[in-house]
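Hello,

Here is the structure I promised to pass on to you.

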Amino acid sequence: MPETGTDPLVFAYITAGSRDEALRIGRTLVEERLAGCVNILDGMTSVYRWNGAVEQAEEAVLIAKTRSSLFDRLTARVRDLHGYDTPCVVELAVGRGNPPYLDWLRTETA
Amino acid sequence: MPETGTDPLVFAYITAGSRDEALRIGRTLVEERLAGCVNILDGMTSVYRWNGAVEQAEEAVLIAKTRSSLFDRLTARVRDLHGYDTPCVVELAVGRGNPPYLDWLRTETA
Amino acid sequence: MPETGTDPLVFAYITAGSRDEALRIGRTLVEERLAGCVNILDGMTSVYRWNGAVEQAEEAVLIAKTRSSLFDRLTARVRDLHGYDTPCVVELAVGRGNPPYLDWLRTETA
């Protein structure tokens, strides 16, 4: 089941300020075929440094499953849609997978 | 701590229709030594296109930690056990790690 | 947006015995600049084999975002801080990302 000769698939790992924001962004990505599927995990706590102080916030994780070739367009779209100036959008490479699922994901992002 | 000369480790990222389904599949994978450990995250919301419409469902995430060489057998087993026709099973490569933990994971999947 | 000529970024995927333990470890990693940001997901169920029996425990996931070059120091620090003898700390490679976010993450871990 190695993926060769086809556009690789990736996860975009995105954080949002709330489940509602993650749902709004995620639905738009699916509607615009920039992702085949998104998974939203609510109840995430983020800890980070901002202006020198350690801050803590309640957020949500949005994982968007897409083609590698769409990642930059997806990132630009998330920046448009997001309430943060500097949203976290990072790429995790996907390797092998359940072949019919990979086919389905490619069809939904074609 | 680079991993060379040994079977690489991977995460299988799987989605299930409920926490109960994720637990049932996950326990079987551990019992059959197809995974050393699984982590189940409940309360995941999935958004995807199906037959042209954007659908939303409550699901659970199941992350199975295993050897790269077991990934295809694990995928086949999840397809047997899963209630969906086309379950999401995808591979995320693991790089370095806490050495005793990596050793433990290899022992539990030998 | 390919990342070349710079220190790559990684996720450290860590599990902890509770949300409180994940918060305590995560805050320390951010305070000591071993991570720019951590994301904590509570309500995770872990299933694993221990001394031959399949066990189940309620845990939390801690994802620490950092530079590749800090991963081994971060792992050593988590081992110091963690209540488990053999904590799960594993590396997931980050590829592309939202460029200002990647820059921010590098600044916070310099």
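**What I found**

Chain A and chain B bury about 2500 Å² between them, 54% of it from carbon and sulfur atoms; buried area here is the accessible area (1.4 Å probe) that two parts lose on being put together, summed over both. Please keep in mind that this is a predicted model, in which local features need pLDDT of at least 70 and side-chain atom pairs count only at pLDDT 80 or more, while totals for chains, interfaces and linings use all residues. Residues are numbered from 1 along each chain as its sequence is written, chains are lettered from A and ligands numbered from 1 in the order in which they are written, and side-chain values use heavy atoms, with hydrogens and water left out.

Back to that interface: 29 residues of chain A and 28 residues of chain B take part in the contact (heavy atoms within 4.5 Å). On the chain A side, Arg27(A), Arg96(A) and Asn98(A) lose the most area to chain B, together 25% of what that side buries. Four salt bridges are counted between the two chains, a salt bridge being a side-chain nitrogen of Lys or Arg within 4 Å of a carboxyl oxygen of Asp or Glu.

Now to helix H2 of chain C, residues 71-81 (helices are DSSP runs of H or I, at least four residues; strands are runs of E, at least two; both are numbered from the N terminus). Its buried residues are Phe71(C), Leu74(C), Thr75(C), Val78(C) and Leu81(C), where buried means under 20% relative accessible area, exposed over 50%, and partly exposed in between (1.4 Å probe, protein chains only). Seen down the helix axis, the buried residues of H2(C) fall within an arc of 130°, so they line one face; the arc is that of the directions from the axis to the C-beta atoms. Arg73(C) and Asp80(C) are exposed on the face turned away from that side. The buried residues pack against strands E1, E3 and E4 and helix H1 of chain C.

Best wishes
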